[in-house]
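Welcome! Take a moment to look over the sequence and the model, and then we can walk through some of the side chains together.

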Amino acid sequence: MPTRIEAGFSELFDQAFDTFTDALKSGAKFQEDVVRWWTGALGHTNPMQDWQKRSQAIMAEAVPAAQRSADEYLKLFDHGYRTSIDLFKRAVQSTPPKSLSEAQMKAQELFEESMAALRTSAQGMAEANLRAIESWAEWTRAGANMARESADVARQTAKAAVA
């Protein structure tokens, strides 16, 4: 008697396993059909290829923007360096003052020029930072839009698969 029960369970298990396998195959085929349908509906393009093309386009814009920012920073640093060297040369190479008031006047003049150079440098860096942030913000927006569109397509595919 136990062998007959075991045989019954074995047959039942085999049937359940076969049914489960068939269900998995049907589900996979259904998903393939849905992807084929969406691919056709979206203009015969592969969604992954479309995503790669759009990603490459975004990167093609981001790399030159980063290069421009780096070049701008280098120019600002170079200008600041040259201005500082010129001011230092003037301070060291100046002829000795003839009076205390002349020394004060030269010191004040160098101080004011140093502050003007510092102000110009700080303003240039602030503007360069603003342009860099704007470029990266635009790049981030484009990436977020692409992610949102991909999520919408995935949502629509899931709805179509359920329907």
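What follows is a short tour of a surface patch and of some charged pairs.

Keep in mind that this is a predicted model. Let us begin on the surface, where Met59, Val63, Trp136 and Trp139 form a nonpolar patch. Together these residues have about 380 Å² of accessible area. Two helices contribute here: α2 (47-93) and α3 (100-162) each supply at least two residues of the patch. Trp136 sits in helix α3, and it counts as partly exposed because its relative accessibility is 39%.

Now for the charged side chains. Side chains of opposite charge can pair when their charged atoms come close. Across the whole structure, a search finds six salt bridges.

One of them joins Arg82 and Asp78, with 3.1 Å from N to O. These two residues are four apart in helix α2, so about one helical turn separates them. Asp78 is partly exposed, at 35% relative accessibility.

Helix α3 holds a pair of its own: Arg141 and Glu138 lie three residues apart there, about one turn of the helix. The closest N and O atoms of their salt bridge are 3.4 Å apart. Arg141 is partly exposed, with a relative accessible area of 46%, and Glu138 is partly exposed with 46%.

Finally, look at the salt bridge between Glu113 and Arg90, at 2.2 Å from N to O. This pair links distant parts of the chain, with Glu113 in helix α3 and Arg90 in helix α2, 23 residues apart. Glu113 is partly exposed at 29% relative accessibility, and Arg90 is partly exposed at 37%. Glu109 joins in as well: Arg90, Glu109 and Glu113 are linked in a network of salt bridges.

Note on methods: Residues numbered from 1 in each chain as written. Predicted model: local features only at pLDDT ≥ 70, side-chain atom pairs only at ≥ 80, totals over all residues. Heavy atoms only, no water. Patch = residues over 30% accessible without salt bridge, like charges linked within 9 Å, V, L, I, M, F, W, Y side chains within 5 Å. Areas by Shrake-Rupley, 256 points an atom, 1.4 Å probe, with all protein chains shown as cover. Salt bridge = Lys/Arg side-chain N within 4 Å of Asp/Glu carboxyl O. Buried < 20%, exposed > 50% of the residue type's maximum accessible area, 1.4 Å probe, protein only.
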